[in-house]
Amino acid sequence: MDKDAGYERQLLEGWEEVFKKGQLTLWILLALKHGPKHMADIKQFIEQGTNNAVTADNASMYRALRRYYVAEMVDFVAAPGDRGPERKVYKLSPIGGRVLQRFVENNILNVFYKPEIRSLLERSI
Amino acid sequence: MTKNLKLFSLFCLLWSTLFYSILQWVSLNQDARVIPEIVATIVYTIGFGVVGTYLGKGDSIRDVRFALSVWYGVIAVLIPVAVGAIWLVGWQAGDRVTPFVFAFFTVLALSTGYLLSRNKIKDMSKEELFR
């Protein structure tokens with residue numbers, strides 16, 4: 001029994017590790033859909049929204065936001081910091097908003113919200 | 001100067017040389033040169049619009065969209081004029097090989113550029129952007 005539990009945990013952790021990869025984009029864009037935020041607030045939104053399942057260090061977050069900025073999916077404005085230097089407040093660009101909408105429709109709403117799939121998901125817990 | 005603007009300059013150079021060499025080639029055949037000249041001119045003009053628009057879309061909106069479109073226009077005028085001047089004043093390849101050589105290089109440049117850009121978004125691979 002203990003042997004199975006350990007193996008199941010190993011399977012689950014492996015699956016979750018792979019599953020989480022690539023989710024950062026969705027969660028960052030969702031955080032910005034919720035409203036403009038600076039990096040720390042985006043990170044907090046993601047951690048709360050995913051029950052800490054999806055996390056990223058500051059450097060990874062800044063790199064990701066920089067890539068999305070170059071790709072014109074997010075924009076930012078410089079806002080005065082509490083005491084220190086100015087902070088970037090990121091917001092979803094019109095392109096990013098439309099891409100997010102299409103992604104959510106195609107990959108979440110039209111898949112996991114189908115009655116039969118939703119029912120199946122509910123029965124699997 | 002963005003990478004795409006440099007590519008557009010290369011395209012203008014190849015495309016213009018191809019155009020002038022075709023005109024030169026057509027002028028060798030005095031009998032029926034009007035229609036090929038008209039067709040070449042139309043295709044030549046459309047080529048600038050199509051390739052310029054495609055490359056311009058690949059440039060970041062933040063790279064000063066207005067100035068960039070002006071630069072695309074400037075290059076699309078200056079390079080053909082320069083190639084035309086050189087063609088008229090100096091080198092006139094009055095043979096049947098040059099048009100095919102430049103057609104080959106133009107197609108090669110366009111197809112290579114297309115293949116390289118197919119898996120890229122703003123110079124980033126899809127895996128790099130959405131990792």
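In this predicted model, strand 1 of chain A and strand 3 (residues 87–92) of chain A pair in the antiparallel sense over 2 bridges, where two strands pair if DSSP finds at least two bridges between them. Strands (E, at least two residues) and helices (H or I, at least four) are DSSP runs, numbered from the N terminus.

**The sheet**
- The bridge partner of His38(A) is Val89(A), which lies in strand 3 of chain A.
- The open sheet holds 3 strands of chain A in the order 1-3-2, with antiparallel pairing, and its edge strands, each pairing on one side only, are strand 1 (37–38) and strand 2 (74–79) of chain A.
- Helix 2 (residues 23–34) of chain A packs on this sheet and touches strand 1, strand 2 and strand 3 of chain A, where contact means heavy atoms within 4.5 Å.
- The direction of helix 2 of chain A makes about 90° with that of strand 3 of chain A, with axes as lines fitted to C-alpha atoms, for helices over the stretch in contact, and angles running from 0 to 180 degrees between N-to-C directions.

**The loop between helix 3 and helix 4**
- Asn51(A) is found in the loop between helix 3 (39–49) and helix 4 (58–70) of chain A, and its phi is near 50°, a positive value in a residue other than glycine.
- Asn52(A), found in the loop between helix 3 and helix 4 of chain A, has a positive phi near 65°.
- Asn51(A) is exposed, with a relative accessible area of 69%, and Asn52(A) is exposed at 52%; buried means under 20% relative accessible area, exposed over 50%, and partly exposed in between (1.4 Å probe, protein chains only).

**Conventions**
- Residues are numbered from 1 along each chain as its sequence is written, while chains are lettered from A and ligands numbered from 1 in the order in which they are written.
- Local features need pLDDT of at least 70, side-chain atom pairs count only at pLDDT 80 or more, and totals for chains, interfaces and linings use all residues, while side-chain values use heavy atoms, with hydrogens and water left out.
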